[in-house]
Amino acid sequence: MGAALLLQTLAAPLGAALLSWRWPRLDYLWGALALWLVGTLVGGTYLLPVKAWQWLPLTLAAVALVSQLSNRWLGLGLFALQGALIWWLGFASLIQGTPELWLAVLAAVLWLGWTHRHGDSREGLGFTLAFIWLALVIGIDGSLLIAQLAGALAAFAGLRALLTMLTGFKGAVAPLGLALAFMQMLAWQYVEVPLLALLPVWLLPLFEWLLRTRSLPVRWAVLIASAAMGTGLSLWFVWPQASLY
């Protein structure tokens with residue numbers, strides 16, 4: 001059972017990361033297809049999204065379209081429009097009663113705009129650890145399906161980070177913020193994970209960006225230690241409310 005679960009979650013995203021290395025211009029498209037495949041395996045086959053979590057692959061597909069534009073600021077505008085559309089469609093039943101949901105997509109757009117101006121992170125380890133953090137917290141707090149989707153994102157981002165370290169592969173890291181924000185909103189609205197356990201994951205991409213000029217061992221050591229402490233605190237925070245307690 002455990003091996004089958006891991007295979008469902010990891011196989012397609014790891015394959016997508018390898019395809020990203022081979023065909024980097026389509027890197028996030030491979031990731032979107034991998035997320036869709038994981039979703040069909042664990043939640044049932046679908047073509048057109050009808051549930052909120054089924055819109056998650058489009059957070060990567062939107063990036064794939066934007067990456068084809070040579071003008072980065074035009075791409076940022078298109079990224080914002082696509083992000084807003086995904087939010088509107090994915091959270092259609094909630095958006096009017098919970099306007100705070102818009103703040104998540106705003107955070108992702110601002111993060112991409114900041115990195116356009118000041119430079120991106122190197123490997124993307126911060127996002128990888130953030131998705132692992134979310135997967136563990138969401139799984140403990142009650143949704144294996146959404147936790148598996150977070151794990152799939154972690155696998156995709158993690159292998160890309162390793163390929164960057166080992167081979168010099170350089171793919172855009174900051175656009176993963178849209179998927180991270182969407183995953184947080186899924187956890188908040190549908191799994192009822194408290195925001196106090198979700199929002200601190202943004203510190204990991206921020207730390208990676210702040211440490212981007214430091215040596216790789218320093219960057220990775222600080223990020224891994226921060227992720228371990230943050231995940232531990234978040235798990236402690238949600239564990240008493242979880243069905244597995």
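At 4% relative accessibility, Ser 234 counts as buried (buried means under 20% relative accessible area, exposed over 50%, partly exposed in between, with a 1.4 Å probe and protein chains only). This is a predicted model, in which local features need pLDDT of at least 70 and side-chain atom pairs count only at pLDDT 80 or more, while totals for chains, interfaces and linings use all residues. Residues are numbered from 1 along each chain as its sequence is written, and side-chain values use heavy atoms, with hydrogens and water left out.

- You can find Ser 234 in helix H11 (residues 216–238); helices here are DSSP runs of H or I with at least four residues, numbered from the N terminus.
- Not counting residues up to four places away in sequence, Ser 234 touches Trp 133, Val 137 and Ala 197, where contact means heavy atoms within 4.5 Å.
- Ser 121 sits in the loop between helix H5 (101–118) and helix H6 (125–141).
- With a relative accessible area of 2%, Ser 121 is buried.
- Leaving aside neighbours within four places in sequence, Ser 121 is in contact with Lys 170, Val 173, Pro 205, Glu 208 and Trp 209.

**The nonpolar core**

- The largest nonpolar core has 79 residues; such a core is a set of buried Ala, Val, Leu, Ile, Met, Phe, Trp, Tyr and Cys residues joined through side-chain atoms within 4.5 Å.
- Leu 60, Trp 87, Phe 91, Ile 138, Met 183 and Val 193 have the most contacts inside this core.
- Beyond residues up to four places away in sequence, Met 183 touches Leu 56, Leu 134, Ile 138, Ile 146, Leu 149, Ala 150 and Leu 153.
- Ile 146 belongs to helix H7 (residues 144–167) and counts as buried at 7% relative accessibility.
- Again not counting residues up to four places away in sequence, Ile 146 touches Ile 138, Met 183, Leu 186 and Val 191.
- Ile 146 and Leu 5 are 141 residues apart along the chain, and their C-alpha atoms are separated by 13 Å.

**Helices H2 and H3**

- Two packed helices are described by the angle between their axes and the distance between the axes.
- H2 (residues 27–43) and H3 (residues 56–66) pack at an angle of about 165°, with their axes 7 Å apart; axes are lines fitted to C-alpha atoms, for helices over the stretch in contact, and angles run from 0 to 180 degrees between N-to-C directions.
- H2 and H3 are therefore roughly antiparallel to each other (angles under 35 degrees count as roughly parallel, over 145 as roughly antiparallel, 65 to 115 as roughly perpendicular and the rest as oblique).
- Their contact is made by residues including Tyr 28, Leu 35 and Trp 36 of H2 and Leu 56, Pro 57 and Leu 60 of H3.
- The residues of this contact divide into eleven nonpolar, one polar and no charged; Ala, Val, Leu, Ile, Met, Phe, Trp, Tyr, Cys and Pro count as nonpolar, Asp, Glu, Lys and Arg as charged, and the others, Gly among them, as polar.

**Helices H6 and H8**

- H6 and H8 pack at an angle of about 15°, with their axes 11 Å apart.
- H6 and H8 are therefore roughly parallel to each other.
- Among the residues making the contact are Phe 127, Leu 134 and Ile 138 of H6 and Leu 180, Met 183 and Gln 184 of H8.
- By class, the contact of H6 with H8 has ten nonpolar, two polar and no charged residues.

- Most residues other than glycine have a negative phi.
- Glu 192 has a positive phi of about 60° although it is not a glycine.
- Look for Glu 192 in the loop between helix H8 (176–190) and helix H9 (195–198), where it counts as exposed at 63% relative accessibility.

Definitions and conventions. Helices (H or I, at least four residues) and strands (E, at least two) are DSSP runs, numbered from the N terminus.
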